[in-house]
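Let's take a friendly walk through a protein fold. Have a look at the sequence and the model, and then read on.

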Amino acid sequence: MQHCHVDEASRVHAQAMVHNPILRSIGMTSQDYLADSKAMCQVTAEHGLGCIAKDTSDRIVGVCIAYPLDIAGQAHNSVQRDQRSREINYLWDTLNNLMKTALWYRYGDPKRMFCLDDVSVLKTASGLGVGYLTPEFTNTLALRRGFTHNVGVLMNDIILQDLQARTGLKVIQSVDISQITKDGRKIFQDIIDKGTYFRLCLVTLNPGKL
């Protein structure tokens, strides 16, 4: 992804993300998410990781957001908290805490890890392999730049099981979203099913060389 792609990629990412079951459950719209999408796309372009996919009309239909692990949280933190709902701020706080408390050094050099933050695909491009090819391309690009691991957060059990079988993915730590509390209150208890987890995961990109 390059800087010239940021505006269009941000809109595509925000449009696709409103189908995320967590964001949908708190009533978030693509416009609500646009500031975060733009911040993440800008960080991706600045660090030369991540990529986009275009259709035959040269329109962006898929976005893969990625950046070095040591700046994880920078994109979301650059957006003013009062631009978001309280619920989404609580979600980002939870994700940032997962990142900060993980003992990355147990698995390798944190400076050689990158965060594969998100992959989003428009419905018009579903079934074309965009959601598979864009992270694979990003992993290849990261390998060439000396990264050894990718880090991400998964919620979907089927995708988790598939990646564990194909890549040896490890779950580092997790949190039940329905149990997130603020001032003693479980914020999402009534709108998100119990047992819906944020799982912080790690994949070794080149195990034969470690």
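This is a predicted model: local features need pLDDT of at least 70, side-chain atom pairs count only at pLDDT 80 or more; totals for chains, interfaces and linings use all residues.

Seven bridges join β2 to β3, and the two strands run antiparallel. Strands here are DSSP E runs of at least two residues, while helices are H or I runs of at least four, both numbered from the N terminus; two strands pair if DSSP finds at least two bridges between them.

Residues are numbered from 1 along each chain as its sequence is written, and side-chain values use heavy atoms, leaving out hydrogens and water.

Now for the whole sheet. Six strands make an open, mixed sheet in the order β1-β2-β3-β4-β8-β5. At its edges, β1 (51–54) and β5 (170–176) each pair on one side only.

Angles run from 0 to 180 degrees between N-to-C directions, along lines fitted to C-alpha atoms (for helices, over the stretch in contact).

| Helix | Strands touched | Angle |
|---|---|---|
| α3 | β2 and β3 | about 65° with β2 |
| α5 | β3, β4 (149–154), β5 and β8 | about 40° with β8 |

What about W104? Its contacts include L69, M99, P110 and M113, setting aside residues up to four places away in sequence.

Key:
Contact means heavy atoms within 4.5 Å.
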